Amino acid sequence: MFDFLKREKKPNPDASRLLASILVVYPTIQSVTYDSKDDILELSFALSGKFSKDDFEDFLKYVAESVETLHYLENLYGATIELNVEGIFGTYFLNVRRDMATLTCRELSMLTEMASNYFGDTLIEDIDDTIQDEEYLMEQEDYLEQCLSSMRQLRIEGKLVGVREQERVVVYNR
């Protein structure tokens, strides 16, 4: 009867902070989605330019081998990673899906660095000059590691999406 009185469920603050922190620390990541059903985090990188199918296949193979090597060195077993590319007409999205149980800041840093090195200027990067302070970014990485740790211990329901909106980061329930 009074639907307007129903309150929409707000995103979990810990999960919201995690998604926002990822977008702040890693300006090459354009969106982050957390799916509680599968306990998966999806990172999306935006690319602008012309690419061949081989470009993407080579990069996806390179990432898969690098992540596998990192997991071996860190004694992480059973990690789930899925990589895909979608897009047309010069705009592409490189999507990396990772399970939350084994995801680390080191891996996030490695993935973003690999994308930057491989795709160079074709990788769309939203750099905010006001937060380029090295000390601030290191504090954010520490905070991000804490958020990842707390997310492993919590059970969060629903699906959250974090996106860049000009100079802001927005997190919402989906």
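Analyst: Two strands are said to pair if DSSP finds at least two bridges between them, and helices (H or I, at least four residues) and strands (E, at least two) are DSSP runs numbered from the N terminus. This is a predicted model, in which local features need pLDDT of at least 70 and side-chain atom pairs count only at pLDDT 80 or more, while totals for chains, interfaces and linings use all residues. Residues are numbered from 1 along each chain as its sequence is written, and side-chain values use heavy atoms, with hydrogens and water left out.

User: Which residue in β5 is the bridge partner of threonine 33?

Analyst: Strand β5 covers residues 159–165 and pairs with β1 in the antiparallel sense, over 5 bridges. Within this pairing, the β5 residue that partners threonine 33 is valine 161.

User: Which residue takes a positive phi in the hairpin of β5 and β6?

Analyst: β5 also pairs with strand β6 (residues 168–173), again in the antiparallel sense and over 6 bridges, and here valine 163 stands opposite valine 170. The hairpin has 2 residues between its strands, and the residue with a positive phi, near 55 degrees, is glutamine 166.

User: Which residues touch the most other members of the largest nonpolar core?

Analyst: A nonpolar core is a set of buried Ala, Val, Leu, Ile, Met, Phe, Trp, Tyr and Cys residues joined through side-chain atoms within 4.5 Å, where buried means under 20% relative accessible area, exposed means over 50%, and partly exposed lies in between (1.4 Å probe, protein chains only). In the largest such core, which has 38 residues, the members touching the most others are Leu18, Ile22, Leu41 and Leu43. The elements that give two or more residues to this core include α1 (13–25), β2 (40–48) and α4 (134–153). In general, nonpolar side chains of soluble globular proteins tend to be buried together.

User: Is tyrosine 72 buried or exposed?

Analyst: Tyrosine 72 lies in helix α2, which spans residues 53–73. Because its relative accessibility is 59%, tyrosine 72 counts as exposed.

User: How far apart in space are alanine 101 and aspartate 39?

Analyst: Alanine 101 is found in the loop between β4 and α3, and it is exposed because its relative accessible area is 52%. Leaving aside neighbours within four places in sequence, alanine 101 is in contact (heavy atoms within 4.5 Å) with Asp39 and Arg152. Alanine 101 and aspartate 39 are 62 residues apart in sequence, whereas their C-alpha to C-alpha distance is 7.9 Å.

User: Which residues form salt bridges with arginine 98?

Analyst: A salt bridge is a side-chain nitrogen of Lys or Arg within 4 Å of a carboxyl oxygen of Asp or Glu, and a search of the whole structure finds 7 of them. Arginine 98 is buried, as is glutamate 107, and aspartate 99 is buried too. With N to O distances of 2.5 Å to aspartate 99 and 2.5 Å to glutamate 107, the partners of arginine 98 are aspartate 99 and glutamate 107.

User: What are the closest N and O atoms of glutamate 165 and arginine 168 apart, in Å?

Analyst: Glutamate 165 counts as partly exposed because its relative accessibility is 36%, while arginine 168, with a relative accessible area of 53%, is exposed. These two residues form a salt bridge, and the distance between their closest N and O atoms is 2.2 Å.
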